[in-house]
Amino acid sequence: MNAAHTSARARLLPLLMAGTLLGVPIAVGVGYLVAGALGVVGNATPGAMGRVLADGAVLRSALLSLWIAVVGTALATVGALCVALLFDGNRIVDRIAKRVAVLPLPVPTVAAAVAVLLLLSQAGWLSRVATRLHLVAGPAGFPALVYDPFAIGVITAVVWKEMPFLLLLALSLQSLRGRALTDAARTLGASRWQAVRRVTLPVLVCGMSPSIVAVFVFVLGSLELPMVLAPSSPQALPMLIQERRQALDAASHGEAYVIALLATVLALLAAVAHERLRDDAA
């Protein structure tokens, strides 16, 4: 009895420590946002919630941020899965492809944003090459790929930065479980495509799903990439929060807290949806 009680306490203590370290900062942060939205802290004034709900700019900013996060995360996931499946071997070309694909991982986010700006802007490298090849009449004839309404430049930078992270996870899962299960399916008579579609892909996607959600939440709250590459109207949510927080009008400070609270709710909804889908799949 004493041994079982001691064992239970030994398991409970790490859980309490982890819950405290992870849960307390989140609770304090959300509580401060709520207090700021109500005008209690942060030099904010009451009534911010109503003003934000009636502000169409906030809705457009939320839609733009969701567009960037959903499309960027989806393309990064598809890219990581394609590299992991197409170059799943020990050939020289496989090793080179995987190493090239993870090269952007240590690049700082701001540096990645500047690189994409230099590459895709109308005064960038691609524009100059297209002009030299007489594909366009001049820089003005090159399509706008940054500061554009579809945020192509931001999404390109998101894919370039986040795909290596997801690729490393996919390769790890592939080596731990996916390859063995695929071989077992092939032994039982499945074709290569059937084994990939019915065995390998579900294993990889299920194992990667927490990291996919983490990438989505990170992109949703990222400020650096939209600051360098996103359009000025509508603004992404992090830019709008910064603008309202730095405004001279104290009434805007409370709106910044409300918008930050909205972004937090969107991130929590993504996490809750992920858990529901995992429960349904189990």
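**Ground rules.** This is a predicted model, in which local features need pLDDT of at least 70 and side-chain atom pairs count only at pLDDT 80 or more, while totals for chains, interfaces and linings use all residues. Residues are numbered from 1 along each chain as its sequence is written, and side-chain values use heavy atoms, with hydrogens and water left out.

**Stop 1: confidence.** Colour by pLDDT, the predictor's confidence in each residue, from 0 to 100. The mean for the protein is 85, and 94% of its residues reach 70 or more. Helices here are DSSP runs (H or I, at least four residues), numbered from the N terminus.

**Stop 2: the core.** Select Ile68, Val154, Leu166, Met208 and Leu229: these touch the most other members of the largest nonpolar core, which has 57 residues. Helix α3 (residues 56–86) gives the most to this core, 11 residues. A nonpolar core is a set of buried Ala, Val, Leu, Ile, Met, Phe, Trp, Tyr and Cys residues joined through side-chain atoms within 4.5 Å. Buried means under 20% relative accessible area, exposed over 50%, and partly exposed in between (1.4 Å probe, protein chains only).

Centre on Val154. Leaving aside neighbours within four places in sequence, Val154 is in contact (heavy atoms within 4.5 Å) with Ile68, Leu225, Pro226, Leu229 and Ala230.

**Stop 3: helix α5.** Select residues 109–120. Which residues of α5 are buried? They are Thr109, Ala112, Ala113, Val116 and Leu120.

**Stop 4: backbone exceptions.** Most residues other than glycine have a negative phi, and most peptide bonds are trans. Select Ser233 and Pro234: the peptide bond between them is cis, with omega near -5°. Pro234 is in the loop between α9 (224–229) and α10 (237–245).

Next, go to the loop between α6 (125–132) and α7 (152–187), where His134 is found. His134 has a positive phi of about 60° although it is not a glycine, and counts as exposed at 72% relative accessibility. Tyr147 is also in the loop between α6 and α7. Its phi is near 60°, again positive in a residue other than glycine. At 48% relative accessibility, Tyr147 counts as partly exposed.

Conventions: Helices (H or I, at least four residues) and strands (E, at least two) are DSSP runs, numbered from the N terminus.
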